[in-house]
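Hello,

Here is the structure we spoke about.

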Amino acid sequence: MSVVSTTDERALVRRLLADRSVAGAEDFGRFVNDRRYFDTSSFDSKAATPVLIDVLPRLTDPGVIETVALHLKNPAARPVAFEALHASFVEWGAVRRGRVGWQLGEALVNAAPLSAASVILAIAADTGYGMNRQQVVLGLPRFRRAPETERVLRELVHDVDVAQQAMYALRRVVGPQLTVEALEDVRRAHPDSTLERMARHEVRKISRTLRRHDTAAAAGAVPTAEAVGELDAIPA
């Protein structure tokens with residue numbers, strides 16, 4: 001990991017964006033959640049994408065890197081931002097303080113092409129990245145056709161740092177019945193532990209969903225979109 005720079009990198013990025021005439025360059029790093037009280041940001045993340053990709057490898061301020069990662073979650077960043085995000089995640093992904101690694105992980109899996117499945121799976125399985133892998137693991141259903149995805153997820157449901165995300169992702173990949181079987185294995189392998197409690201909670205949720213589905217089927221009701229989404233695995 002690089003030493004944090006004393007340069008005002010946020011101002012540097014804004015200047016580079018302004019030089020490329022990106023709309024709302026002055027709003028870089030400004031995120032508006034409640035439009036009742038704050039004006040909407042005018043920042044054009046799509047137009048900014050090439051600039052952010054170019055500058056990302058040169059940044060050393062974790063706060064600015066996190067902001068760039070947040071903006072590189074936009075659809076225009078897939079897959080062009082993948083290589084830069086991957087390099088940054090390798091450098092910052094093991095950082096425990098702050099959220100820079102976590103945000104880079106989410107941007108990375110969003111930008112990853114399906115051909116990068118092996119790279120994403122290797123990151124997901126690397127315990128050195130700790131909880132910063134959570135969003136990477138959550139995104140693994142996109143790569144469900146890769147031969148190793150199911151195996152990796154079955155291993156990760158035993159990894160407390162990412163188990164909750166792996167349980168959800170496994171359900172999306174193999175469906176509820178096989179997920180329940182895998183979670184019962186977790187309960188047996190980790191009695192009286194956080195993992196056991198997490199697995200028990202997920203089994204209860206899945207069981208309730210299955211019971212609702214069976215009741216609706218017996219009554220001849222058409223399942224809702226929500227119910228179908230809970231039960232079916234998603235395509236890659």
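Asp185 is partly exposed, because its relative accessible area is 37%. Please keep in mind that this is a predicted model. The side chain of Asp185 forms a salt bridge with the side chain of Arg188, at 2.3 Å from N to O. Both residues sit in helix α10. They are three residues apart, about one turn of the helix. Arg188 has a relative accessibility of 59%, so Arg188 counts as exposed. There is also a network here: salt bridges with shared partners link Glu184, Arg187, Glu196 and Arg200.

**Other salt bridges**

How many salt bridges does a search of the whole structure find? The count is 11. As background, side chains of opposite charge can pair when their charged atoms come close.

Take Asp159 and Arg133. They form a salt bridge, and their closest N and O atoms are 2.8 Å apart. Asp159 is in the loop between α8 (149-156) and α9, while Arg133 is in the loop between α6 (117-125) and α7 (134-138), so this pair ties together parts that lie 26 residues apart in sequence. Are Asp159 and Arg133 buried or exposed? Both are buried.

Now look at Glu148 and Arg151. Their side chains meet in a salt bridge of 2.5 Å, N to O. Glu148 has a relative accessible area of 37%, so Glu148 is partly exposed. Arg151 is at 40% relative accessibility and therefore also counts as partly exposed.

**The overall fold**

The protein chain has 12 helices and zero strands. Of the 236 residues in the protein chain, 44% are buried. Consider the contacts between residues at least 6 apart in sequence. Of these, 64% join residues at least 24 apart.

**α9 against α10**

Two packed helices are described by the angle between their axes and the distance between the axes. Helix α9 covers residues 163-174, and helix α10 covers residues 176-189. They pack at an angle of about 140°. Their axes are 7 Å apart. At that angle α9 and α10 are therefore oblique to each other. The crossing of α9 past α10 is right-handed.

Which residues meet here? From α9 come Met167, Leu170, Arg171 and Val174. From α10 come Pro176, Leu178, Thr179, Ala182 and Leu183. By class, this contact of α9 with α10 has seven nonpolar residues, one polar and one charged.

Thr179 deserves a click. This residue is in helix α10. Thr179 counts as buried because its relative accessibility is 0%. Set aside the neighbours within four places in sequence. Thr179 is then in contact with Met167, Leu170, Arg171, Val174 and Ile206.

Met198 lies in helix α11, residues 194-218. Which residues does Met198 contact, leaving aside neighbours within four places in sequence? They are Ala163, Gln164 and Met167. Met198 and Met167 are 31 residues apart along the chain, and their C-alpha atoms are separated by 9.0 Å. Met167 also takes part in the contact of α9 with α10.

**α1 against α3**

Helix α1 spans residues 9-19, and helix α3 spans residues 62-71. The angle between them is about 40°, with the axes 9 Å apart. These two helices are therefore oblique to each other. On the α1 side, the contact is made by Glu9, Arg10 and Val13. On the α3 side, Gly63, Val64 and Thr67 make the contact. By class, the contact of α1 with α3 has two nonpolar, two polar and two charged residues.

**Ser45**

Not counting residues up to four places away in sequence, Ser45 touches His71 and Asn74.

Best wishes

How values were computed: Residues are numbered from 1 along each chain as its sequence is written. This is a predicted model: local features need pLDDT of at least 70, side-chain atom pairs count only at pLDDT 80 or more; totals for chains, interfaces and linings use all residues. Side-chain values use heavy atoms; hydrogens and water are left out. Axes are lines fitted to C-alpha atoms, for helices over the stretch in contact, and angles run from 0 to 180 degrees between N-to-C directions. Helices (H or I, at least four residues) and strands (E, at least two) are DSSP runs, numbered from the N terminus. Angles under 35 degrees count as roughly parallel, over 145 as roughly antiparallel, 65 to 115 as roughly perpendicular and the rest as oblique. A crossing is left-handed if the near helix is turned anticlockwise from the far one by less than a right angle, and right-handed if clockwise. Contact means heavy atoms within 4.5 Å. Ala, Val, Leu, Ile, Met, Phe, Trp, Tyr, Cys and Pro count as nonpolar, Asp, Glu, Lys and Arg as charged, and the others, Gly among them, as polar. Buried means under 20% relative accessible area, exposed over 50%, partly exposed in between (1.4 Å probe, protein chains only). A salt bridge is a side-chain nitrogen of Lys or Arg within 4 Å of a carboxyl oxygen of Asp or Glu.
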